Structures are given as C-alpha cells and as structure tokens.
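Thanks for coming. I will take one structure today and keep to a few points about it.

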Amino acid sequence: MVTNVTSFGRSGLYDWMMQRVTAVILAAYTVFILGYLLLNPDLTYVQWKELFDGTCVRIFSLLTLLSLGGHAWVGLWTIATDYLKATGVRFIFQAICGAVMFAYLVWGIQILWGL
Amino acid sequence: MMAYTLPLPGITSLLHRISGVLLFAGVAVLLYMLQSSLVSEEGFNGVKECLQAPIAKLIVWAVVSALLYHFVAGVKHLLMDTGVGETLEGAKAGATITLVVSAVLIVLAGVWIW
C-alpha cells in the first residue's frame, strides 16, 4: 500500500470521502449566504448582526470553517503532490497552508463570538 | 512540440484547481469583510462604502467568480461520482455545461456587484 504521511486522513479513501462531505457543507453555506444577500438588497447593520447572533448561523458558520480547513487541506495536498516534487519545498508549502487554515479558523471563531 | 493539447475536461479540471487556490486566499478577504461588517455600524457602512470603489468591486467579483466556478465544477464532480456522465462523451458534455453555466453565473454576479 502506498502511504503518504501528509494526507488528511492517512487514507486516500477517507480523504476522498472528507473532500465530498465538506464540499456539500461548503456548497450549502454558499447558497445560504449568497441567497440571503440576494434576497436582502437593502441589508441593514441590525439585520446582518441579528443573523450572525443566531446560534444556528454560528454553528453553521463554524462547521463551514472547519469544513473549509479539511477541504482545502485535501485539495492543496492534491495540488502540492502533483506539482511540487521536491519534498522540502512541498513540506514548506503544506506547512504554510496548514498555518493559514488554522489562522482562518481562530479568526473566524473570534469574528463569530466577538472575542 | 505542441502535439498534445489539453482536452476540455482537462481545462475544467485545471480551472477547478486554480479557482480552489484563489479561493483559499480569497477567504481572507471574505473574513476581513465579515469582521468589519459585524464589529460595528460604522464598520458595516465602511464595507458598503468600500464596495463602491471599482477596485473593491473587482476583487469581490474575482473571489465570487472563483467561488461560482468552483461550486459548479464541484457539483459536476459529485454528479460524476454517482455515475452520471462517466463516458468520454459525458465528460465532454459535462465540461461544456460546467463552463457555460459558470460563465452565465459569473456574468450575473458581475451585474449584481455593479
């Protein structure tokens, strides 16, 4: 069995599944936010704030951020293993990607919970 | 030697990758806008005002375009996972539909933003 230590779930099949499950969550959130913005062209601050004060929207948003991390990891891993053949270069690229994802997650939590 | 040209499904696949990388960077823009818009009423109006600037419209349109393309190509991927259009002809048709649908959505998004 070919193994790659930088894959997301240590198994290609698991990565494949995670890529798709997270894709559905990200797609649903995209439809939700774009739909909301389209249906509320005269959006006010109070309306917008109320939307993100709701627990359901916060849970959905955090789920989306976590999904983004997993989805982007698998996607960028795929690209990195395809195009960056030197192990050192690929390691640095993936390390930066991982750091950015973690920063997005913490930043997102701060935004959602107003920390 | 340019004897080999990328077939249409290859082009859509490459664009899927490029849009994915762009989106990964674009999330920073989206998070920044979300933060500014939620922190206070001034921040919210600030984002609205900023979005009047052509350069801001262009950046948002670029991120939204990458999102729309990645979305459409992703839906095609999920459909193909279920066995839809797995033949050579199906893959070509799927690639064409992906390009046409996303192009229409991207133009509509441009109209919406401007």
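At what angle do the axes of α1(B) and α3(B) cross, and within what distance do they come? The axes come within 8 Å, and the crossing is at roughly 135°. α1(B) and α3(B) are therefore oblique to each other, since angles over 145 degrees would count as roughly antiparallel. The crossing of these two helices is left-handed.

Before going further, a word on confidence. This is a predicted model. For chain B the pLDDT averages 94, and 97% of the residues score at least 70. For the complex, the predictor gives an ipTM of 0.92 and a pTM of 0.93.

Back to the two helices. Which residues meet there? From α1(B) the residues include Thr12(B), Leu15(B), His16(B), Leu23(B) and Leu30(B). On the α3(B) side, Ile59(B), Val63(B), Leu67(B) and His70(B) are among them. By class, this contact has eleven nonpolar residues, six polar ones and no charged ones.

Now the other chain. How many residues does each chain give to the contact between A and B? Chain B gives 17 residues, and chain A gives 17 residues. On the chain B side, the elements that supply two or more residues are α1, which spans 8-39, α2, which spans 41-50, and α3, which spans 54-81. α1(B) gives the most, with ten residues. Sorted by class, the side of chain B that touches chain A has ten nonpolar, four polar and three charged residues.

To sum up, α1(B) meets α3(B) within its own chain, and α1(B) also gives the most to the side of chain B that touches chain A.

Methods:
Residues are numbered from 1 along each chain as its sequence is written. Chains are lettered from A and ligands numbered from 1 in the order in which they are written. This is a predicted model: local features need pLDDT of at least 70, side-chain atom pairs count only at pLDDT 80 or more; totals for chains, interfaces and linings use all residues. pLDDT is the predictor's confidence in each residue, from 0 to 100. Two residues are in contact if their C-beta atoms, placed from the backbone, lie within 7 Å. Helices (H or I, at least four residues) and strands (E, at least two) are DSSP runs, numbered from the N terminus. Ala, Val, Leu, Ile, Met, Phe, Trp, Tyr, Cys and Pro count as nonpolar, Asp, Glu, Lys and Arg as charged, and the others, Gly among them, as polar. Axes are lines fitted to C-alpha atoms, for helices over the stretch in contact, and angles run from 0 to 180 degrees between N-to-C directions. Angles under 35 degrees count as roughly parallel, over 145 as roughly antiparallel, 65 to 115 as roughly perpendicular and the rest as oblique. A crossing is left-handed if the near helix is turned anticlockwise from the far one by less than a right angle, and right-handed if clockwise.
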